[in-house]
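Dear colleague,

I am handing over the structure we spoke of, and my notes on it follow below. Please read them alongside the coordinates.

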Amino acid sequence: MAGPIPRRTASTMTNRVPPTLPAAVDESRQWARLMGMAMLGEIPGDGVDRAALTLLDRQARRLLIEWATEAGLTVSVDEMNNLFLRHEGLEPGAAPVLTGSHMDSQPNGGRFDGIWGVVAALEAVQAIRDAGLTTRRPIEVVAWTNEEGGRFAPGCMGSMAWSGHSASTTWDGVADLHGTTFRAALEEQMAAEADLPRRPLGPVGAARPSAYIEAHIEQGPLLEADMLDIGVVTGIQGSRWFVVDVAGRSDHAGTAPVSLRQDAVQEMVRIVNALNTLTHDPADVLRFTVGRVEVHPNTSNSVADRVRFTIDLRHPDADILREKGDAIAGTVQAALRHCTATVTERFTAMPTAFQELVPDAVEAAAEALGLRSLRMASGAFHDAQFLVPVCPSGMIFVPSRGGISHHPSEYTSPEQLAAGTRVLAATVWDLANR
Ligand SMILES: [Zn+2]
């Protein structure tokens, strides 16, 4: 009589990580590649300024393609300029495992946010190949277009269009600070890459992945504080972005009586006070940020006639995010005394929980490699959250020194990054053989 079928557990996974695989992850090759990428858009203090769809972005992509082609991967690009590097599996028609992140940075960004996830994905695939291993499924490395939203807001355009969350034409008219539209920049980039093979946009046919995994720096202090190696990301909190336009009337600062003014700055202060009351959270979980303010005419001796400011609202609970976000427009209108205002929602990403498949595989891989891990949610948004409706998805975090990111001083050591890449390689290899 046959015995019970053994359940697949973390410990059986432990035994399945081939010993040659972690050794094939090349820490110095990965670090050298990251430092090479950091020179494209280098700014003082070890920072990087490499916006999406710029010449620097094109140079970074060419460098990545060069490494990937040398490693034996094939290249393709979709109409959103998402870049794919493919390792063939033993069953070429099987659904691929997809892994990657983004290559653009914040304007005053660091050397690791995004780019490490792409370089690590290539390193993981190369390690699998260098170790002489094969996979049943293909593995595709992806670099998503415009994750940061620093040049063209919002972020995650590449993954939103790919996943079907938004149409690829949604942001055609969005302009950068110089008036260049997203559509124009995208077309320029696609023309510069006309030599690269094209692929259809989205998870269509054999391109629908069996799983997606993204490696990323934590951007928070938890792993460092507990001296842990790996964050097993279980989900991502939700975000809603708004723009508020306040319209008043410009007057002479010396002659116009205060009682007769339509002062857009004073009105903004009243609005922000009211929003602070709306979003006050005794538990300090809700995140409310007014991060950008534009004042017109922005001179010291004129009453402002126009103010535009942004709101970034985040919470891990969908109901609270919905309730507070939906109350913003009404709160703004109720706070007005002398001006008018409009509220526009520019970006919505509801909270996301990853299915167990990928987090479990990450946790098992970390355990197999003798690394200390922690299950945690992500406070920042990532391309991974737009993959969730498409396939089982997840993320691997490595520690961020001081929890700092989106700043030149962002840092993770070569050893910590290599540990993360070993976990990624073991996880991808596991998922690609299921
Ligand atoms: Zn990022």
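His-102 is buried, as is Asp-113, where buried means under 20% relative accessible area with a 1.4 Å probe and protein chains only. This is a predicted model, in which local features need pLDDT of at least 70 and side-chain atom pairs count only at pLDDT 80 or more, while totals for chains, interfaces and linings use all residues. Residues are numbered from 1 along each chain as its sequence is written, and side-chain values use heavy atoms, with hydrogens and water left out.

The zinc ion has as its protein donors His-102 (NE2), Asp-113 (OD) and His-216 (NE2), which lie 2.0 to 2.2 Å from it; donors are N, O and S atoms within 2.8 Å of the metal, and because water is not among the atoms, the site may look incomplete. Along the chain these donors follow the spacing H-x10-D-x102-H. His-102 belongs to strand 5 (residues 97-102), whereas Asp-113 sits eleven residues away in the loop between strand 5 and helix 5 (115-130), with helices (H or I, at least four residues) and strands (E, at least two) taken as DSSP runs numbered from the N terminus.

Best regards

Note on methods: Donors = N, O, S within 2.8 Å, 3.2 Å for Na, K, Ca; no water. Buried < 20%, exposed > 50% of the residue type's maximum accessible area, 1.4 Å probe, protein only.
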